[in-house]
Amino acid sequence: MLRNQTGTVLLTALTPAIWGTTYLVTTELLPPGRPLLAAVIRALPAGLLLVAVTRSLPKGVWWWRALVLGALNIGVFFALLFVGAYRLPGGVAATVGAIQPLLVALLSAGLLGERLTPRTVVAAVAGVAGVSLLVLRADARLDAVGVAAALGGAAVMALGVVLSKRWQSPAPLLATTGWQLVAGGLLLLPVALLVEGAPPAALTTANLAGYAYLTVIGSALAYALWFRGLRLLTATKVTFLGLLSPVVATALGWLVLGQELAPAQALGAVVVLAALVAAQFQPARRLTATPRVLVGKES
């Protein structure tokens, strides 16, 4: 059983590792100044592809549940991420977003009956500290709206992760993933058109390759692995794996782009990995009380 869980953790960890590559893909292959277009292309075509492959549509309560989960995990999250990234230096936005494991642990205690242990809290705080060492700069400026957006993005995805665990879909994994991607993409589409205007009239081969990577690998594959992990692991363990994203992004910047890696950044990466490992090896314990239902009735 331990070997199976370790395999599940490693497979799920591929998702944040893939997400960590999106910074490199975005800066090197995509047209500049179009983050919302990239978010739409990450979500909508990938979702439509999965729906077409599975030929499965939501039934009953899963019409509105797919919309809620798609909004939280993808649509609203990406919109807030865009605002935070636009108004804050990347290091500040990433550091604020690193609070997500703690938020998931708190929500899991209330909605899933998972026990909030001191070890989880310490690991979550260490994760934030490690990410700040990894990506935060001394001259970073703060912006109230940007910080609020980054906190909001962490909060909505934290809620999406916990509800994805609570609402176990009877449909195949790829179908459920596709529903959420379509819902999130449809929510983002009008926002992208309003903020950024129509897509570029001409795209280069590099642009097309970048968008194809984001659609197939960055979304269809990555989200399927992410939601598979949520079916098999606790929400808290899964969300700690998300701390891998800034580690991978920093490593690729050093290896591929020749960016300088300071000793403090290396220390931050070690702290992040230690927090991640500590969270994975913590045994899952549940409260005896029945978890509360947030919205609607379970079916």
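Trainee: How many residues does the largest nonpolar core have?

Mentor: Bear in mind that this is a predicted model. Within the largest nonpolar core, the residues with the most contacts are F78, V161, W179, L181, Y223, W226 and L230. Among the elements that give two or more residues to this core are helix 1 (2-29), helix 7 (144-166) and helix 9 (205-232). The number of residues in this largest core is 49.

Trainee: Which residues does F78 touch, not counting residues up to four places away in sequence?

Mentor: F78 is one of the residues in helix 3 that meet helix 2, a contact in which P35, L36, A39, R42 and A43 take part from the helix 2 side. By class, that contact has eight nonpolar, no polar and one charged residues. Leaving out residues up to four places away in sequence, F78 touches A39, R42, L188 and Y223.

Trainee: Are helix 2 and helix 3 roughly parallel or roughly antiparallel to each other?

Mentor: The axes of helix 2 (residues 35-54) and helix 3 (residues 62-87) come within 10 Å and cross at roughly 160 degrees, and the crossing is right-handed. Angles over 145 degrees count as roughly antiparallel. Helix 2 and helix 3 are therefore roughly antiparallel.

Trainee: Where is R55 found, and is R55 buried or exposed?

Mentor: R55 is found in the loop between helix 2 and helix 3, and its phi is near 50 degrees, a positive value in a residue other than glycine. Most residues other than glycine have a negative phi. With a relative accessible area of 78%, R55 is exposed.

Notes: Residues are numbered from 1 along each chain as its sequence is written. This is a predicted model: local features need pLDDT of at least 70, side-chain atom pairs count only at pLDDT 80 or more; totals for chains, interfaces and linings use all residues. Side-chain values use heavy atoms; hydrogens and water are left out. Axes are lines fitted to C-alpha atoms, for helices over the stretch in contact, and angles run from 0 to 180 degrees between N-to-C directions. Helices (H or I, at least four residues) and strands (E, at least two) are DSSP runs, numbered from the N terminus. Angles under 35 degrees count as roughly parallel, over 145 as roughly antiparallel, 65 to 115 as roughly perpendicular and the rest as oblique. A crossing is left-handed if the near helix is turned anticlockwise from the far one by less than a right angle, and right-handed if clockwise. Contact means heavy atoms within 4.5 Å. Ala, Val, Leu, Ile, Met, Phe, Trp, Tyr, Cys and Pro count as nonpolar, Asp, Glu, Lys and Arg as charged, and the others, Gly among them, as polar. Buried means under 20% relative accessible area, exposed over 50%, partly exposed in between (1.4 Å probe, protein chains only). A nonpolar core is a set of buried Ala, Val, Leu, Ile, Met, Phe, Trp, Tyr and Cys residues joined through side-chain atoms within 4.5 Å.
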